[in-house]
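Hi there,

Here is the structure I promised to pass on. Have a look at it first, and then read on for what turned up.

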Amino acid sequence: VRQVTTLILLTQLMQTQSTFRGEPQLSNQRNTTGRRPRITGIDAARAIAIIGMAYAHLGPIFFSSDIDTVASLLTTGFASALFAVLAGVSVSIMSQRGVEKGGVELAQSRQQLMLRGTILIGIGLVLSIAQYNIAVVLSAVGALFLVLPLVARWSNRALWALLVGLLALGPFVIVASDTFNTYVDIISGSYPLTAWFTYGVAGMLVHRYLIHSRMLQWISLVAGVVLAVIGVNARSWISDQLPAPEDPKMYDQLTTDPTPAAGVAGGGPGGATNSNPDIQSTWWYTYLGPEPHMGGLIDIATSITVSVAVIALCLLITALPLGRTILYPLRAMGSMSLTVYVAHVLTAAMILTNDNNNPAWSSSEQPATHPLALGVTIVVAIVCAMIWKQFFRRGPLEWVMHVLTVKGARVDMEGVKRASDE
């Protein structure tokens with residue numbers, strides 16, 4: 001038994017070392033239908049991200065109870081960052097066939113991903129026009145699908161170098177924007193692209209390293225929890241020492257209005273106001289970016305560690321048959337994340353719009369919360385997803401997305417054949 005155990009550990013170690021070297025380590029496993037099976041842990045993580053964003057929009061934020069404080073801390077900023085990291089995982093998964101085959105297969109996979117990104121940006125713009133209470137995340141996700149396919153064939157070392165470069169140099173782009181007072185939404189908005197590209201690259205590395213290595217999943221879970229606790233405390237400490245500027249563009253707000261009716265009392269997170277106006281003009285505060293959605297070094301690093309820990313935990317749980325059964329409701333919900341997210345934004349926006357028109361809440365210093373609506377949103381999403389999965393493989397919007405991207409990237413048309421032959 002001891003020899004068998006030693007052999008297993010050595011095999012895991014050799015696989016881990018080979019993953020850290022050379023080219024992407026991709027899985028060729030397919031089920032009897034010829035399709036790669038879904039990675040159930042990733043589906044569960046997507047559901048957690050959506051639930052976190054729903055809590056940030058509807059939940060009891062800024063209440064005095066310890067539970068609400070912890071829940072707000074874990075959802076504000078981290079949920080959308082987890083969604084971004086998972087988008088990077090998705091790009092890496094969908095790029096596998098093209099990376100393995102090359103040539104026309106690679107071009108087709110890139111075209112499909114870029115079409116998907118274009119459609120996501122379009123849906124995000126429509127949702128942003130249709131309502132103004134929620135900062136829609138889909139346009140930023142779409143940008144990842146447009147850019148990340150270009151680096152899908154990079155080696156692990158190259159992706160690590162890109163990740164470190166984005167993490168260290170990306171915040172300087174926001175510093176330059178603030179220094180020259182040139183506000184651009186895609187740089188200094190709620191979802192700065194420099195931060196989201198970093199999350200996306202981190203997601204690609206998560207797919208390459210964690211999906212098929214139990215050892216790395218355990219290491220990532222333990223290390224991620226430790227580093228996340230350190231990062232969260234560092235972020236809170238810096239925020240307490242240096243109150244955040246009254247700039248609503250840096251936070252996950254329900255509107256761009258800095259008044260209490262916009263969902264933030266006093267203009268800053270938790271009603272904080274900046275007692276020292278000079279702080280908001282210091283480049284190092286912007287570079288460190290301790291507050292959620294600032295896109296600074298501390299914000300990005302902490303968000304990545306939290307995301308990796310959540311993904312590793314979901315992968316470990318779903319590796320067990322009992323874990324897959326227990327998490328089936330989340331797995332079903334996460335398998336149609338686009339449909340669930342769009343439905344949530346549209347329904348939550350109606351509730352929040354009604355709040356904005358309510359004079360009693362508009363004059364209140366505390367943001368309105370909707371725990372009942374939050375509970376109904378989560379329960380209905382899970383139940384509907386579970387029922388839908390009994391009859392269909394994909395969610396409604398996921399099916400439409402699949403049809404559009406497959407049809408749009410066809411290579412069996414006459415013109416495409418002639419061009420490839422030449």
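Which residue's side chain does the side chain of N156 join through a polar contact? The partner is R208, and the contact between the two side chains is 2.9 Å. Please keep in mind that this is a predicted model. N156 belongs to helix 8, which covers residues 156-179. With a relative accessible area of 0%, N156 falls under the 20% cut-off and is therefore buried.

Two or more of the lining residues come from each of helix 4 (78-94), helix 10 (193-210) and helix 13 (297-318). Helix 10 makes the biggest contribution to the lining of the largest cavity, giving three residues. By type, the lining of that cavity has six nonpolar residues, five polar ones and one charged one.

Of its 17 residues, 15 are buried, so the rest of the structure largely encloses helix 4. The length of helix 4 also agrees with expectation, because 17 residues at 1.5 Å a residue should span 24 Å, and the end C-alpha atoms are 24 Å apart.

Happy browsing, and do write back with any questions!

Best wishes

Note on methods
Residues are numbered from 1 along each chain as its sequence is written. This is a predicted model: local features need pLDDT of at least 70, side-chain atom pairs count only at pLDDT 80 or more; totals for chains, interfaces and linings use all residues. Side-chain values use heavy atoms; hydrogens and water are left out. Helices (H or I, at least four residues) and strands (E, at least two) are DSSP runs, numbered from the N terminus. Ala, Val, Leu, Ile, Met, Phe, Trp, Tyr, Cys and Pro count as nonpolar, Asp, Glu, Lys and Arg as charged, and the others, Gly among them, as polar. The expected span of a helix is 1.5 Å times one less than its number of residues. Buried means under 20% relative accessible area, exposed over 50%, partly exposed in between (1.4 Å probe, protein chains only). A polar contact is a pair of N or O atoms within 3.5 Å; within protein, one must be able to donate a hydrogen and the other to accept it, and residues adjacent in sequence count only if both atoms are side-chain atoms.
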